[in-house]
Amino acid sequence: MSLHATTTVEASVDISLRVPRGGTEDLTSGVAGVLDAVDAVSAVTVDRVTSVRPGHTDIRVDSDATVVVEVPMEADADPTDPALRSAVAAQLVDGFGITQVIEVERVDLVEE
């Protein structure tokens, strides 16, 4: 077993994902559910849904959201470092149903 340094960040993201049909009461809740299912994510706020494209088994959605996520970086990471934004995107795109992180708009370190 190896140990990796991680830090918790809050990030605003523009993201594309697939929301299962019939899984939730509304689309916003569906987006939150897909993001919340990502192992590294501990909190989600869906700011707005920006695009909807119905499919046969799911709904393709673009959304702006704020997530609290654990990333494999040192705790003293610089929030303006592009590597931190890339780490956030990598953690999110690893989740089931997430097709693309279009942009990581803002990253703030979360004080623990």
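Is R48 buried or exposed? I looked it up: R48 is exposed, with a relative accessible area of 52%. My cut-offs are under 20% for buried, over 50% for exposed, and partly exposed in between (1.4 Å probe, protein chains only).

I note that this is a predicted model, where local features need pLDDT of at least 70, side-chain atom pairs count only at pLDDT 80 or more, and totals for chains, interfaces and linings use all residues. Residues are numbered from 1 along each chain as its sequence is written, and side-chain values use heavy atoms, with hydrogens and water left out.

Next I read the fold. I found two helices and four strands, in the order β-α-β-β-α-β. Helices (H or I, at least four residues) and strands (E, at least two) are DSSP runs, numbered from the N terminus.

Then I turned to salt bridges, meaning a side-chain nitrogen of Lys or Arg within 4 Å of a carboxyl oxygen of Asp or Glu. The structure holds five.

R48 pairs with D64 at 2.8 Å, N to O. D64 lies in strand β3 and R48 in strand β2 (residues 41-54), so the bridge ties together parts 16 residues apart in sequence. D64 is buried, at 10% relative accessible area.

R18 bridges to D58, with the closest N and O atoms 3.4 Å apart. R18 sits in strand β1 (residues 7-20) and D58 in strand β3 (residues 58-71), 40 residues apart. I logged R18 as partly exposed at 33% and D58 as buried at 11%.

Last, I checked R106 and D108, which meet at 2.3 Å, N to O. E10 joins R106 and D108 in a network of salt bridges.
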